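Visitor: Please pick one part of this model and take me through it closely. I would like one connected answer, with every cut-off stated.

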Amino acid sequence: MPPQTFVALGTVCSVNLYEDGTEALYRRITERLRQIEGAFSVNLPSSEVSAVNRMAGIAPVPVSAEVLAVLEVALAVAEKSGGAFNPAVGPLVALWGVGTETPAVPDADAIRALLPLVDYRKIQRDGATVFLTEAGMRLDFGGIAKGYAADEAVRVAADAGVRRALIDLGGNIYVYGKKADGTAWRVGVKNPENAGADLALQVELASGTVVTSGRYERFFEQDGIRYHHIIDPATGYPAERGVLSATVVGQLSLLADALSTAAFVLGKEKGLALLQNEYPDMDALILTADHRAASTPRIRQTATLLRGDYKWE
Ligand code: FAD
Ligand code: MG
């Protein structure tokens, strides 16, 4: 069966299972992705995460093992990134409304008032429930759940004996297994200044995930200024540390997704240091506004700049 493209997780997803792709297997993967969306989406009132958010400041809410597991990873990355990645960022995401029909720059006072609620240390869990301890707190898994979904799509395919697969969940990419001709996979990183219409970089890898966070994916403009969807939880404003896009390469898309968001917020130096010091099995590539390409050392061997207007540093 040919590769399948469909909308899930608020984005265009494509799944290619190559010669092992049966209709039943494509359906199983699509259903698994929709199930994950059904558990993690803040846009669906019926989701587990929405239930937790509704009960903020009121009571703990029983959640599934997978919501707890993803939350654990989110909290670990929050801790290691000094809160640059923060699953409690929900109140700010809702206030800005980037990606909704009515985004607007909020009052500085309104932003300041929410900052105490954007505190991942105020999330309690006991192995079966999650409790947001203050009214107005709100979980948001938009920076991590697509990665989890990519890992799960690969797991379903691998369990069914699929030899190779290409999973693309709105730029959250997983290439699994060996290509038929034995060559490495090539994954492109979009040109962040051209709405991703062409490629800035290319990475060669065996089997693994490539996840990019960029300021070109979701944004609005007001008075000539661009406001994008990746919020610096320390300031309450879209993160602006000179990063156009941050890409993380590794084996676990769940972690790569959280870390690409963290690296974007932290900026080039601190973002690369986070990867090198805390996640040495993974790599990062950062494109900056002054047209530099910076990376963790190992990936330089397999990454190629495709645009002459960027220079490696
Ligand atoms: P990433 O950098 O990976 O993540 C950015 C997103 O993470 C932001 O959009 C915000 O949600 C959150 N975030 C912002 N700042 C931080 C921070 N400092 N720390 C942690 N997280 C942060 N889109 C729709 O339009 N409609 C939908 O119905 C919809 N449903 C979705 C359901 C699920 C389960 C998921 C995972 C996503 C859904 N989306 C939906 C898309 C979502 O709103 C984000 O746009 C998307 O996840 C961002 O992915 P990214 O790779 O571009 O950016
Ligand atoms: Mg992310």
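Guide: Helix 7 gives the largest share of the shell around ligand 1, with three residues. Helices here are DSSP runs of H or I with at least four residues, strands are runs of E with at least two, and both are numbered from the N terminus. This is a predicted model, in which local features need pLDDT of at least 70 and side-chain atom pairs count only at pLDDT 80 or more, while totals for chains, interfaces and linings use all residues. Residues are numbered from 1 along each chain as its sequence is written, chains are lettered from A and ligands numbered from 1 in the order in which they are written, and side-chain values use heavy atoms, with hydrogens and water left out.

Now the shell itself. Around ligand 1 there are 25 residues, and D140, G142, S213, R218 and I231 come nearest. A residue is near a molecule if one of its heavy atoms lies within 4 Å of it. By type, the shell divides into 12 nonpolar, nine polar and four charged residues. The nonpolar class is Ala, Val, Leu, Ile, Met, Phe, Trp, Tyr, Cys and Pro; Asp, Glu, Lys and Arg are charged; the others, Gly among them, are polar.

Next come polar contacts. The term covers pairs of N or O atoms within 3.5 Å; within protein, one must be able to donate a hydrogen and the other to accept it, and residues adjacent in sequence count only if both atoms are side-chain atoms. The side chain of N43 has an N or O atom 3.3 Å from a nitrogen atom of ligand 1. L9 uses its backbone: an N or O atom there lies 3.2 Å from a nitrogen atom of the ligand. S213 places a side-chain N or O atom 2.6 Å from an oxygen atom of ligand 1. Taken alone, ligand 1 exposes 940 Å², and the protein buries 88% of that. Such areas come from the Shrake-Rupley method with a 1.4 Å probe; for residues, only the protein chains shown count as cover. Helix 6 and helix 7 are the elements that give two or more residues to the shell around ligand 1.

Stay with L9 for a moment. L9 sits in the loop between strand 1 (4-8) and strand 2 (11-16). Its phi is near 55 degrees, a positive value in a residue other than glycine. L9 counts as buried because its relative accessibility is 18%. Buried means under 20% relative accessible area, exposed over 50%, and partly exposed in between (1.4 Å probe, protein chains only).

Strand 2 leads on to another loop. D20 lies between strand 2 and helix 1 (23-40). At 19% relative accessibility, D20 also counts as buried. Leaving aside neighbours within four places in sequence, D20 is in contact with L25, G161, V162 and R163. Contact means heavy atoms within 4.5 Å. D20 and R164 are 144 residues apart along the chain, yet their C-alpha atoms are separated by 8.0 Å.

The magnesium ion (ligand 2) has G143 (O), D257 (O), D257 (OD) and T261 (OG1) as protein donors, lying 2.0 to 2.7 Å from it. Donors are N, O and S atoms within 2.8 Å of the metal (3.2 Å for Na, K and Ca); water is not among the atoms, so sites may look incomplete. Along the chain, the donors of the magnesium ion follow the spacing G-x113-D-x3-T. G143 lies in the loop between strand 5 (129-132) and helix 6 (145-159) and T261 in helix 7 (residues 253-266), so the pair ties together parts that are 118 residues apart in sequence. G143 is buried, with a relative accessible area of 16%. T261 counts as buried at 14%.

S253 lies in helix 7 too. S253 is buried, with a relative accessible area of 0%. Beyond four places in sequence, S253 touches G147, A150, D151, N172, Y174, T209 and V211.

S81 lies in the loop between helix 3 (65-80) and helix 4 (90-96). S81 touches A262, L266 and L274, not counting residues up to four places away in sequence. At 6% relative accessibility, S81 counts as buried. A polar atom of the S81 side chain lies 3.1 Å from the backbone nitrogen of F85.
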